[in-house]
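Q: I have a two-chain model open and want to learn how to read it. Can you take me through its features one at a time?

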Amino acid sequence: MNYSTPPQSRVRRFSGMFLSAAFLISLLSPVAVLAESITVKSFRAPVEVQRVKIPNKWFPARVGLELTSGDTIRTGAGARADIRMGDGSKMILGSSSRLTVQEVAPSRVMGLDFGRVKAWVKKLKGGNKFEVKTPIAAASVRGTQFEIGYDEEGKTGFLDVTEGAVALLKDGREVLVPAGARMEFVPDSPLGEPVPARSQGSLDEREGIRREVGLGMSKEEVMSAAAEEMRLAEYQEGKTLIDVNGARVRLEEYIIRRPVEIAAADRDKAFKLVVLNERDDRFDYFYYRGLFNATLPEDLSVALKDINGKLGTDAPSYYLTAYEMGQSNTMDYIKDTASGGHLVKVTYDGTNYILTDPANASNTRTVAKDEQTVLSGVTYHKIYDPVNDRFFSLTDAQYNAGDYNAAVYDPSNDSFKYIASGDTYWRTRYNTYSHVINGASKQSYTPKTAGLNTLAIDLDATFTYAGGTLFSFTETPSGSDVLHNRVSLYYGDGTKEVYDTYIISDEGVIGPVSAFNNMSSGSAFKSELLKWNYEQVAGATEFNGRKIDLVVEPKILIKSGLIK
Amino acid sequence: MRNTRYEIRNTKGIARKVRKIFPLFVFPISCFIFSPLFAASVTPVYDLRFFGGQHFYNGDISALSGNANVLISPAVKFNDTWSVIPTYMGGYQGTRDVQELAGGGTLFQDSTNQGFTVKTIYGLTPSVKLKGTAGARAEFLRETKDENWGDGLFDYRKYTGGVETEYSYSRQIGGRFAYDFYTLDFPNYRSLESSQDSTLARELAGQDVLNSNNHLFTLSGWAPLPSAVRMELTAYYNRRDYGEQPVVDASGSLTGTDRSDTNLTAAVDFARPWALGDSVRLVSGLQVGYAATDSNQNRYDARKTVFLRDYYDYTQMSVGPQITAGLANLPWMLTASGNYSVRNYSDRPIQDANGDYLSADTEVTNITTSLGMTYALNRNFKARAVATLGWSDSNQKYEKVFVYNYKIANYLFGFSYEY
């Protein structure tokens, strides 16, 4: 059969061809359209878009939203938008940024009002370009990776190029920024030369990090200052110091109220002064425990002010009835104890001292201040010191050369005052005393007359020594021009004690005798002594070669009555 | 024997501290774990400084020695919302700053410090950031010739954890508020008294008397002022609790109350840039500061049996001008600065040269002046030199154990590398 094609069929055929072509076009055209599209692929809110056709109104962005020429997209803090182009190019719009699509095809032109955008640009065909314009400069490329940013407030911008090359245009000048380079720009300055870009992170980020680190450092300084302040306080209080040899010496001194070793009924009357010395290789301590006649006031200085005696007709309110003084290197110890403490009233008539027991007026004796004897034609003076309750002998020449008046410490002005004729002086004396080393009694005394308080120890007490006898010997082993004395005590049992005493400066240097010239007795000597430190190194047969080494300020000893 | 005891104790102490500080690290560690690591970018920041120099104290000249400080901060930015800034800080001080020589301090031989902090930053809103911080720091001081590193009496360790919020109204205006908790431990410091038996020690005597728990509040704000002046105000309020330091009372006895201090430090900084022609750039600055410490602790001077109530309380005022000058196109930068401060111990009577207490309160005036020069060798390297002169003057004349009146100077030269 031969069939002719009717006109309608030809129309239908054309029509079919047209439809096929249209179909093909319809298949092909989306490629072209999509290649020129700009869409929002993903985002982190808040991201908003302003359509060119609806100005002044912002809509929340959505995935797949297509941006056309004139549309603007903006991101909030912490937000970002991933924007894709049909040819595979993409842009990441950073936080707090605003970008306007100025041209979609054939060139792509974006306006970055502020913020930053990072772009990965595929090779463009022909003379087409990819351009990002900031208010003061524009970056133009054909295919590369770069990041451009603009700070609206600071009016500063930057361009970092990762791949390829980017032409940066500003004020008519174009600078080609190669890969790995960075260009910064500001409004009124011409473009400079590209500089090597930071391999990681931008300057902005780096500055932000530096700021955060700086804030942390500021707080570190405040915290470290707290540690520094504590350290300085320790030094200010003298709790730690470095000696002249560069060695650390730690000192702690404190008062213990109501010492536990005192019977409960008497604890309110007792105190203990403790001095601790620690060096790198040794630990020594000293303590003085006093038991008073009455309950101690809160302010201990009230009770202590008359501990060394008191001038005046009124008896002191507080006086010691017993004490114990100890020193130790933690293995050895020296302990001095006294009990039966009582007041002795001393009146001076210019020639004699009259000693009286205020608790028993019949218990009294008179002691001459200066009792002279002549032996082999030489005049000797037996001097009585009522403050220290001791006798000492001088030749006539020594007597005439020196000043041997008794001086009393006056706590009101930290000085010493001579006892003058007509003065009344009150002092404390003890009925029993013992001196013990590592448990061995070395010296002791008890009253000669039972039931009577002692008035002058040398006259009213019986002394006992280890082995029955005591011989003392004083020397100056460092020479007679420096203040280093050695007192050796030899007992009848063959044992001995050796005390090296040094008057040393704060720097640890032994003081020269010349510092005490014309101050060999009396208040001047003690006043000068206050300026120095006192170091005592004690040895004894019982120590087996070990020592007790204590550095204390003489003020402590004077105040507590231990230096007379 | 003593050292063995300390080691055992220290081991226990470290375990205790680890338990104590572990929660502080949970926040930043969690951020590391749960943040999208694949998206992280790392921005390292370096600051290295090396100096040599000497100091002069009342005519004595120290040996030439060196200082070195290192700061490394590989900041990790996970995204625009999350970032973490770990920071390592280390330093060695062989030449002392004038400020470190307070008290006549020929005391300190040299020191070193090591510190590590982690700061996590979260952008809550466009203008609000939340930050969490955790850190540890140790400082070692060799004060005597025979001390080894780690044996220093005043070595200390510090553990910190804190939170902060920062509000930025704009780039120029903002503020921040922070709270930090930190502990200060002096592992080698024990009170001598605490090692004595009951016949030689006071009841309640503490052992780690310098250790403290601290609460630090920080408030800061910055804003521009007219005439291109920028202002920043910063205030720190620090409460310091000493868990093992009982308060001493008027009788010299220890009470059942532990020492607690509060310290307020505030400073306002002004800065203004100046342009003198086309070639000279100047930035002038002025800092005005105030500090006050209030403590419930007293002091009992056993030597003189004197009770000193509120011994540690003080107020301090300071003012510090600074000017920095640079010449356009020249790599030189000159800085001149000064500081004048007066500290008044409101309840600490002065003493005469013999230590006797007088009626006036202790006042210490410090003046420092400094002149520095920086020469940029390139973008990162800078040669630096600085000389400082300081005076301390006080009505406190008792200087047997601490020097209040002295003159001091030092110079340092070296270079820095910043990246």
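A: Start with the inventory. Chain A has seven helices and 41 strands. Chain B comes to one helix and 19 strands. Keep in mind that this is a predicted model.

Q: Where should I be careful in chain B, and why?
A: Where pLDDT is low, the predicted coordinates should not be read in detail. Chain B has a mean pLDDT of 85, and 86% of its residues reach 70 or more. Over residues 1–15 of chain B, however, the pLDDT is below 50. Beyond near neighbours in sequence, that stretch has ten contacts in the model. Residues 17–38 of chain B also stay under 50. For residues 17–38 of chain B, the model has 29 contacts beyond four places in sequence.

Q: Now the interface. How many residues are in contact, and what area do the chains bury?
A: The size of an interface is often given as the accessible area lost when the parts come together. Here, chain A and chain B bury about 7900 Å² between them. Carbon and sulfur atoms carry 54% of that area. In residue terms, 85 residues of chain A are in contact with 97 residues of chain B.

Q: Which polar links join the two chains?
A: Between chain A and chain B there are eight salt bridges. One of them pairs the side chains of Glu212(A) and Lys119(B), at 2.9 Å from N to O. The count of residue pairs in polar contact between the chains is 20, with both residues at pLDDT 80 or more.

Q: Which elements of chain A supply the side that touches chain B?
A: Several supply at least two residues each, among them helix H2 (203–236), strand E20 (270–279), strand E21 (282–292) and helix H7 (554–559) of chain A. The largest share, 28 residues, comes from H2(A). By class, this side of chain A has 34 nonpolar, 16 polar and 35 charged residues.

Q: Let me try single residues. Is Asp284(A) buried or exposed?
A: Asp284(A) counts as buried because its relative accessibility is 0%. Asp284(A) is found in strand E21 of chain A.

Q: Which polar partners does the side chain of Asp284(A) have?
A: Look along the chain and across it. A polar contact of 2.7 Å joins the side chains of Asp284(A) and Arg282(A). A polar atom of the Asp284(A) side chain also lies 3.3 Å from the backbone nitrogen of Asp549(A). Leaving aside neighbours within four places in sequence, Asp284(A) is in contact with residues including Val275(A), Asn277(A), Ser328(A), Lys547(A) and Leu550(A).

Q: Is Arg429(A) buried or exposed?
A: Arg429(A) has a relative accessible area of 10%, so Arg429(A) is buried. Arg429(A) is found in strand E33 (residues 424–429) of chain A.

Q: What surrounds Arg429(A)?
A: Skip residues up to four places away in sequence. Arg429(A) then touches, among others, Gly340(A), His342(A), Pro386(A), Asp389(A) and Leu455(A). The backbone oxygen of Pro386(A) lies 3.5 Å from a polar atom of the Arg429(A) side chain. Now compare sequence with space. Arg429(A) and Asn453(A) are 24 residues apart in sequence and 8.4 Å apart from C-alpha to C-alpha.

Q: Last topic: the backbone. Where is there a cis peptide bond?
A: Most residues other than glycine have a negative phi, and most peptide bonds are trans. The bond from Ala105(A) to Pro106(A) is cis, with omega near 0°. Pro106(A) sits in the loop between strand E8 (98–103) and strand E9 (108–120) of chain A.

Q: Which residues other than glycine have a positive phi?
A: Thr330(A) has a phi near 80°. Thr330(A) lies in the loop between strand E23 (320–328) and strand E24 (333–339) of chain A. Thr330(A) counts as exposed because its relative accessibility is 52%. Ser227(B) has a phi near 65°. Ser227(B) lies in the loop between strand E9 (212–225) and strand E10 (229–248) of chain B.

Methods
Residues are numbered from 1 along each chain as its sequence is written. Chains are lettered from A and ligands numbered from 1 in the order in which they are written. Side-chain values use heavy atoms; hydrogens and water are left out. Helices (H or I, at least four residues) and strands (E, at least two) are DSSP runs, numbered from the N terminus. Buried means under 20% relative accessible area, exposed over 50%, partly exposed in between (1.4 Å probe, protein chains only). Contact means heavy atoms within 4.5 Å. Buried area is the accessible area (1.4 Å probe) that two parts lose on being put together, summed over both. A salt bridge is a side-chain nitrogen of Lys or Arg within 4 Å of a carboxyl oxygen of Asp or Glu. A polar contact is a pair of N or O atoms within 3.5 Å; within protein, one must be able to donate a hydrogen and the other to accept it, and residues adjacent in sequence count only if both atoms are side-chain atoms. Ala, Val, Leu, Ile, Met, Phe, Trp, Tyr, Cys and Pro count as nonpolar, Asp, Glu, Lys and Arg as charged, and the others, Gly among them, as polar. pLDDT is the predictor's confidence in each residue, from 0 to 100.
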